[in-house]
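Please examine the arrangement of the two chains shown below. The questions that follow take up the architecture of each chain in turn.

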Amino acid sequence: MAKSQVTLEGSEAGFATTRLDALLNWARKYSLFQYPFVTACCGMEFMSVAGPRFDVSRFGAEAPRFSPRQADLIWVVGTISQRQAPALRRIYEQMMNPKYVLAFGTCASCGGFYDNYTTVPGIDKIIPCDVYVPGCPPRPEGVLDGLLLLQDKIARGDRTPGVVKPREDPLKDLVPLGKKKPQKETAS
Amino acid sequence: MSQLVLDRLKTRFGAAILETHSAHGDETAVVTPESWRAVCQFLRDDPAMSFEMLTDLCGVDFPDRLPRMEVVAHLYSISRRHRVRLKTRVGDAELSPETVELDSVSAIWKTADWLERETFDMSGVVFREHPDLRRILMYPEFVGHPLRKDYPAQKAQPLVEYRTEEEAGLPLEKLAPFGPDEGMSFGRRTYTRSEEN
């Protein structure tokens, strides 16, 4: 028989082996059904992420579900006031396990500058949170970084909260007042 | 143009107009709380006044003044294109509810319904004969009136109990760029009356 057929190494037997939890996590990370809990201006950036230019569907998260029963990822997009907190808590409780939470923007992550009697200082005061995306509002690239971080955590089975790091340190060129800017080192 | 409004108010109501001033084209009249509704009715119905629109109505707390609470209404006449600002002062030093009372003007302008509810919610001014005086911005369980200067601005009254750090398994203080004092440009002072200090 000619060897023209493409075969994978070790797949002559017609099956491959893996661990069940790894397979499940692989399936979960690429089929995130999202519930957008959009309350404020960050919603504009959420629309941008969901739209064709940044296109969150490239990462298998394109299907928004407006019922918490059908969703396994809740995006909390925007400021959560004390008055909204019971609704957010109830929607989180109505979601099926396994469920993931993404805090979209500074207000959802820590309350932002709404540091007063009206606003919940971060949704982690009410519900567990998996990924924080800082920014006011975050750039769509930052949100995609957050989604990739979440997928990575799902694949590893890691439920500790993670914060999206800036791609470039915004403070790296900042020089304290009264200090000289350090000279660039010459290549050695 | 609007100086005419102040002059007409003074001739019509006399001693009920406590003071008037006019700066940069903004005319203001301070009236007694007893004449509040009569002045409003006059300003809307008089053909030379015709203030059809109540732009805004709010309360301002001056902890060092007596009466302590000032209620401000901004009026605009669509047909005559002039404005006037109307103020009145109510309330004793502790702002006990029976002293922070004022006649409702919601029968004169429909807008006043929600604006008076907001003023009640934020400053605790009780409007007599208001059709439905309850909170509009805060939730019914909220205690106190947050725009009074003696309400601590950071004092939240959560409807959902916060998770404890043991439950969450991680510290729940603010994230790195936000310190405990971050957020409010006027700092953390809570105002009280001067003589108590």
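**Strands, helices and a loop residue**

Q: Strand S4 (residues 131-133) of chain A and S5(A) pair in the parallel sense over two bridges; which residue of S5(A) stands opposite Tyr132(A)?
A: This is a predicted model, in which local features need pLDDT of at least 70 and side-chain atom pairs pLDDT 80 or more, whereas totals for chains, interfaces and linings use all residues. Residues are numbered from 1 along each chain as its sequence is written, with chains lettered from A and ligands numbered from 1 in the order in which they are written. Strands (E, at least two residues) and helices (H or I, at least four) are DSSP runs numbered from the N terminus, and two strands pair if DSSP finds at least two bridges between them. Within the pairing of S4(A) with S5(A), the residue opposite Tyr132(A) is Val163(A).

Q: What angle does the direction of H5(A) make with that of S4(A)?
A: H5(A) packs on the sheet and touches strand S3 (100-104), S4 and S5 of chain A. Angles run from 0 to 180 degrees between N-to-C directions, and axes are lines fitted to C-alpha atoms, for helices over the stretch in contact. For H5(A) and S4(A), the value is about 170°.

Q: Which strands of chain A stand at the edges of the sheet?
A: The sheet is open, with five strands in the order S1-S2-S3-S4-S5 of chain A and parallel pairing. Each edge strand has a single partner, so one of its sides is left without a neighbour in the sheet. The edge strands are S1 (34-38) and S5 (162-163) of chain A.

Q: How far apart are the axes of H2(A) and H5(A) where these helices pack?
A: Helix H2 (residues 42-50) and helix H5 (residues 140-156) of chain A pack at an angle of about 70°, with an axis separation of 9 Å. The contact (C-beta atoms, placed from the backbone, within 7 Å) involves Glu45(A), Ser48(A) and Val49(A) on H2(A), and Pro140(A), Val143(A) and Leu144(A) on H5(A).

Q: What percentage of the residues of chain A count as buried?
A: Chain A has five helices and five strands, which run α-β-α-β-α-β-α-β-α-β from the N terminus on. Among its contacts between residues at least 6 apart in sequence, 78% join residues at least 24 apart. A residue is buried with 20 or more other C-beta atoms within 10 Å of its own, exposed with 12 or fewer, and partly exposed in between, with C-beta atoms placed from the backbone. Of the 188 residues of chain A, the buried share is 35%.

Q: What percentage of the residues of chain B count as buried?
A: In chain B there are four helices and seven strands, in the order α-β-β-α-β-β-β-β-α-β-α from the N terminus on. Residues 24 or more positions apart account for 51% of its contacts with a separation of 6 or more. Of the 197 residues of chain B, the buried share is 25%.

Q: Which residues of S2(B) point to one face and are buried?
A: The side chains alternate along strand S2 (residues 26-31) of chain B.

Q: Which residue takes a positive phi near 55° in the hairpin of S1(B) and S2(B)?
A: Strand S1 (residues 17-23) of chain B and S2(B) pair in the antiparallel sense over six bridges, and Ala23(B) has Asp26(B) in S2(B) as its bridge partner. The hairpin has two residues between the strands. The residue with the positive phi is His24(B).

Q: Which strands of chain B do the buried residues of H3(B) pack against?
A: H3(B) is mostly covered, with 10 of its 12 residues buried, including Leu115(B), Phe120(B) and Met122(B). Just after H3(B), Gly124(B) takes a positive phi of about 75°. The strands packed against by the buried residues of H3(B) are S3 (53-61), S4 (69-76) and S7 (126-128) of chain B.

Q: Does Pro140(B) count as buried or exposed?
A: Pro140(B) is placed in the loop between S7 and helix H4 (165-168) of chain B. Not counting residues up to four places away in sequence, Pro140(B) touches Arg134(B) and Arg135(B). Pro140(B) and Ala73(B) are 67 residues apart in sequence and 25 Å apart in space, C-alpha to C-alpha. Because Pro140(B) has 7 C-beta neighbours inside 10 Å, its class is exposed.

Notes:
Two residues are in contact if their C-beta atoms, placed from the backbone, lie within 7 Å.
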